[in-house]
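Here are some friendly notes to read alongside the model. Please keep the viewer open and follow the numbered points in order.

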Amino acid sequence: MEAPELQRLVERISIEAFGKPFLHQAKFNSRLRSTGGRYLLGTHNIEINKKYLEQFGENELIGIIKHELCHYHLHLEGKGYQHRDLDFKWLLKKVGAPRFCTPLKEKAPKRTFKKILLYECTNCRLRYQRKRSIDTSRYVCGKCRGRLKKIKEVIKE
């Protein structure tokens, strides 16, 4: 599915489920990571995460579009459009839209540090353990303000 098809789908769902036209732009946003879509208050546009279409299919996509259209129509009418508002919850039920989307199967791996750096003050011999390296020309000992020296680097498995 490409952007023009998404636009037509959003316009069709808006008329069928809400009885009102969608007059703004709908597009895919590949930078969305943990959400199915979002409604932009300033421009009234809707952005959809394409990964949901690829992983879960068109039914999940339609649910996300209905959810975002609830935000859209309520905001334009001046009613409560946020997740916590009763108007929003009521409209979600009325049109059969999910309150939350299904979590994506693949998540970005968390950044883990595999090395530990050990520094020692040349004056008072206080040791510092760090995951990231320290610029020893800029940083000094917090206890006595002596110079720091890198002793060793331990690699964890």
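1. Let us start with a crossing: α3 passes α4 in a right-handed manner. A crossing is called right-handed if the near helix is turned clockwise from the far one by less than a right angle, and left-handed if anticlockwise. Before going on, please note that this is a predicted model, in which local features need pLDDT of at least 70 and side-chain atom pairs count only at pLDDT 80 or more, while totals for chains, interfaces and linings use all residues. Residues are numbered from 1 along each chain as its sequence is written, and side-chain values use heavy atoms, with hydrogens and water left out.

2. Helix α3 covers residues 58-77 and helix α4 residues 86-95; their axes lie 10 Å apart at an angle of about 135 degrees. Axes here are lines fitted to C-alpha atoms, for helices over the stretch in contact, and angles run from 0 to 180 degrees between N-to-C directions. The two helices are therefore oblique to each other. For angles, under 35 degrees counts as roughly parallel, over 145 as roughly antiparallel, 65 to 115 as roughly perpendicular, and the rest as oblique. Helices (H or I, at least four residues) and strands (E, at least two) are DSSP runs, numbered from the N terminus.

3. Who meets whom? From α3 come K66, H67, C70, H71 and L74, and from α4 come D87, F88, L91, L92 and V95. By class, this contact of α3 with α4 holds six nonpolar, two polar and two charged residues. Contact means heavy atoms within 4.5 Å. Ala, Val, Leu, Ile, Met, Phe, Trp, Tyr, Cys and Pro count as nonpolar, Asp, Glu, Lys and Arg as charged, and the others, Gly among them, as polar.

4. Now look around α4, where F88, L91, L92 and V95 are the buried residues. They span an arc of only 105 degrees around the axis, so they sit on the same side of α4. The arc is taken from the directions from the helix axis to the C-beta atoms. Their cover includes α1 (3-18) and α3. On the other side of α4, L86, W90, K93 and K94 are exposed. Buried means under 20% relative accessible area, exposed over 50%, and partly exposed in between (1.4 Å probe, protein chains only). Just after α4, G96 has a positive phi of about 75 degrees.

5. Helix α1 also packs on α3: the axes come within 10 Å and cross at roughly 65 degrees. That makes α1 roughly perpendicular to α3. The α1 side of this contact includes L6, L9 and V10, and the α3 side includes L61, I62 and I65. Its residues divide into 11 nonpolar, two polar and two charged.

6. Leaving aside residues up to four places away in sequence, Q7 touches F22, H24, Q25 and A26.

7. K27 belongs to strand β1 (residues 26-28) and counts as partly exposed at 33% relative accessibility. With the sequence neighbours up to four places away not counted, K27 touches L6, I46, E47 and I48.

8. Finally, two arginines deserve a look. Most residues other than glycine have a negative phi. R125, in the loop between β4 (115-121) and β5 (127-130), has a positive phi near 65 degrees. R145, in the loop between β5 and β6 (148-155), has a positive phi of about 65 degrees. R125 is exposed with a relative accessible area of 52%, and R145 is exposed with 67%.
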